[in-house]
Amino acid sequence: MAQPPVLLKDMKLMDVKLGQLPSWLAMRDFTPGGILGAVRRGYDRYYNKYINVKKGGLGGISMVLAGYVVISYIWSYSHIMTLTCFTLNDTEHDRHRKYH
């Protein structure tokens, strides 16, 4: 018995072929409610897979903490670049140095 074909709008992103991607994206709901629903489904899926388990470990919590570290590094990257000042001009480097 063959399975009936799945409609394109019901397919997950990992099941969509490259040629079907534009039409699959056109069927998505990009309204604020649709985006909020997608974020909610993603959070629920993450919570049920890594947090709400009978015998849990540190995997789910460590992924959240690793994501926080990466995001905070990206947010402060421009600040780090101005402090380290990778230029060859010493007068410009002296400007960022703290004098006592």
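Read along the sequence, the chain runs α-α-α-α-α. That gives five helices and zero strands (DSSP runs, H or I of at least four residues for helices, E of at least two for strands, numbered from the N terminus). This is a predicted model, where local features need pLDDT of at least 70, side-chain atom pairs need 80 or more, and totals for chains, interfaces and linings use all residues. Residues are numbered from 1 along each chain, and side-chain values use heavy atoms, without hydrogens and water.

**Surface**
- The chain exposes about 9,400 Å² (Shrake-Rupley, 1.4 Å probe).
- Carbon and sulfur atoms supply 65% of that area.
- Of the 100 residues, 6% are buried (under 20% relative accessible area; exposed is over 50%, partly exposed in between).

**Largest pocket**
- The largest pocket holds about 450 Å³ (the space filled by probe spheres set on the grid points, joined across faces, edges and corners).
- A pocket is an open set of points on a 1 Å grid, for a 1.4 Å probe, with protein on both sides within 12 Å along at least five of seven lines; lining residues have an atom within 4 Å of a point.
- Its lining has 16 residues, with W24, R28, A38, R41 and R45 nearest the centre.
- Seven lining residues are nonpolar, two polar and seven charged (Asp, Glu, Lys and Arg count as charged; Gly is among the polar ones; Ala, Val, Leu, Ile, Met, Phe, Trp, Tyr, Cys and Pro are nonpolar).
- Helix 2 (residues 32-51) gives the most to this lining, six residues.

Technical notes
Buried means under 20% relative accessible area, exposed over 50%, partly exposed in between (1.4 Å probe, protein chains only).
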